[in-house]
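Please read the following briefing alongside the sequence and the coordinates.

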Amino acid sequence: MSLTHIQSFVAVAEECNVSRAARRLHLTQPPLTRHIQALEDELGARLFERSRGGMRLLPAGEAFLCHARRILAEVDAALLTVRDVAGSRTGG
């Protein structure tokens, strides 16, 4: 599972639409769709119900969304910590 797959999942979950999520992530739809499919394959569960109107989270997707957001928040916090420590050591 990659951070890219998790970021893709969160974007689609929040936008409820692959096109809007792709624009938000500066991607085209085919790679974004592949990210979601790869994540679903790895998790062994469908995360979304797909329809012409967009995407709707299924119960497995709802359950994963809070974890996905927490993972991304922890990665952001780790980056800030490392940059702070590196900055304090170089005097920057």
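Glu40 has its place in helix α3, where helices (H or I, at least four residues) and strands (E, at least two) are DSSP runs numbered from the N terminus. The model is predicted, so that local features need pLDDT of at least 70 and side-chain atom pairs count only at pLDDT 80 or more, while totals for chains, interfaces and linings use all residues. Residues are numbered from 1 along each chain as its sequence is written, and side-chain values use heavy atoms, with hydrogens and water left out.

**Contacts of Glu40**

- With a relative accessible area of 9%, Glu40 is buried (buried means under 20% relative accessible area, exposed over 50%, and partly exposed in between, with a 1.4 Å probe and protein chains only).
- Not counting residues up to four places away in sequence, Glu40 touches Ala45, Arg46, Leu47, Phe48 and Arg50, a contact being heavy atoms within 4.5 Å.
- A polar atom of the Glu40 side chain lies 2.8 Å from the backbone nitrogen of Leu47.
- Glu40 also forms a salt bridge with Arg50, the closest N and O atoms being 2.7 Å apart (a side-chain nitrogen of Lys or Arg within 4 Å of a carboxyl oxygen of Asp or Glu).
- Because Arg50 lies in strand β1 and Glu40 in helix α3, this pair ties together parts that are 10 residues apart in sequence.

**The hairpin**

- Strand β1 (residues 48-51) pairs with β2 in the antiparallel sense over four bridges, pairing being assigned if DSSP finds at least two bridges between two strands.
- The two strands β1 and β2 form a hairpin with two residues between them, and Arg50 stands opposite Met55 in β2.

**The nonpolar core**

- The largest nonpolar core has 20 residues, and those with the most contacts inside it are Phe9, Val12 and Phe48 (such a core is a set of buried Ala, Val, Leu, Ile, Met, Phe, Trp, Tyr and Cys residues joined through side-chain atoms within 4.5 Å).
- The largest share of this core, six residues, comes from α1.
- Leaving aside neighbours within four places in sequence, Val12 is in contact with Asn17, Ala21, Leu32, Ile36, Phe48 and Met55.

**Salt bridges around Glu14**

- Glu14 forms a salt bridge with Arg24, the closest N and O atoms being 2.5 Å apart, and this pair links helix α1 with helix α2.
- The side chains of Arg69 and Glu14 also meet in a salt bridge (3.2 Å, N to O), which links helix α4 with helix α1 across 55 residues.

Key: A polar contact is a pair of N or O atoms within 3.5 Å; within protein, one must be able to donate a hydrogen and the other to accept it, and residues adjacent in sequence count only if both atoms are side-chain atoms.
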